[in-house]
Amino acid sequence: MREVNIGPASEFADPGRKIVAFENFEVGVFKVGGAFYAYLNHCPHMGGPACQGKIIPKVDEVIAPDRTSKGFEFSKTQLNVVCPWHGFEFDIRTGKHAGHSKARLRPMKVRVESGDVVLTVPDAREQPVAEAAEA
Ligand code: FES
């Protein structure tokens with residue numbers, strides 16, 4: 001493993017993201033609510049560039065006390081990234097798919113040090129392995 005400084009934390013929008021390319025893989029680095037999250041840019045479904053998709057609030061169904069649906073609304077607390085290939089959505093704070101417990105993005109270590117964002121990623125000769133999603 002190696003540590004890589006990818007630049008000032010202040011250059012990230014919030015919410016925002018950057019895709020960082022390495023020799024044989026990419027990492028999506030997200031900033032949400034002042035915190036940073038990083039994942040291998042490889043969808044557990046079929047290998048699409050999940051981290052490059054749209055960033056949107058999770059859609060929640062509003063259920064009345066009588067258990068009837070009152071429609072849908074955008075979450076005020078959860079942001080998802082949507083894989084551009086087939087639409088799997090992943091919680092940016094956890095990397096998990098809401099409806100498929102085994103589908104999640106592979107997390108990478110990220111921290112802010114002296115104002116810069118520092119990633120911990122595999123060495124150049126290592127091939128990072130994505131999390132598997134069982135159908
Ligand atoms: S490859 Fe990401 S949803 Fe299919």
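Reader: Why is the contact of Asp 60 with Lys 58 called a salt bridge?

Author: In this predicted model, the closest N and O atoms of Asp 60 and Lys 58 are 2.7 Å apart. A salt bridge requires a side-chain nitrogen of Lys or Arg within 4 Å of a carboxyl oxygen of Asp or Glu, and therefore the pair of Asp 60 and Lys 58 is called a salt bridge.

Reader: What makes Asp 60 count as buried, partly exposed or exposed?

Author: Asp 60 has a relative accessible area of 23%. Buried means under 20% and exposed means over 50%, so Asp 60 is partly exposed. Lys 58, at 22% relative accessibility, also counts as partly exposed.

Reader: How do you know that Arg 111 and Glu 3 form a salt bridge?

Author: The N to O distance between their side chains is 2.9 Å. The limit is 4 Å, so the contact of Arg 111 and Glu 3 qualifies. Arg 111 lies in strand 10 (residues 107–113) and Glu 3 in strand 1, so the pair ties together parts that are 108 residues apart in sequence.

Reader: Why is Glu 3 called exposed, whereas Arg 111 is called partly exposed?

Author: Glu 3 has a relative accessible area of 52%, and exposed means over 50%, so Glu 3 is exposed. Arg 111 has a value of 31%, which lies between the cut-offs of 20% and 50%, so Arg 111 is partly exposed.

Reader: Which residues are linked with Arg 111 in a network of salt bridges?

Author: Glu 3 and Glu 113 are linked with Arg 111 in that network.

Definitions and conventions:
Residues numbered from 1 in each chain as written. Predicted model: local features only at pLDDT ≥ 70, side-chain atom pairs only at ≥ 80, totals over all residues. Heavy atoms only, no water. Helix = DSSP H or I, 4+ residues; strand = E, 2+ residues; numbered from the N terminus. Buried < 20%, exposed > 50% of the residue type's maximum accessible area, 1.4 Å probe, protein only.
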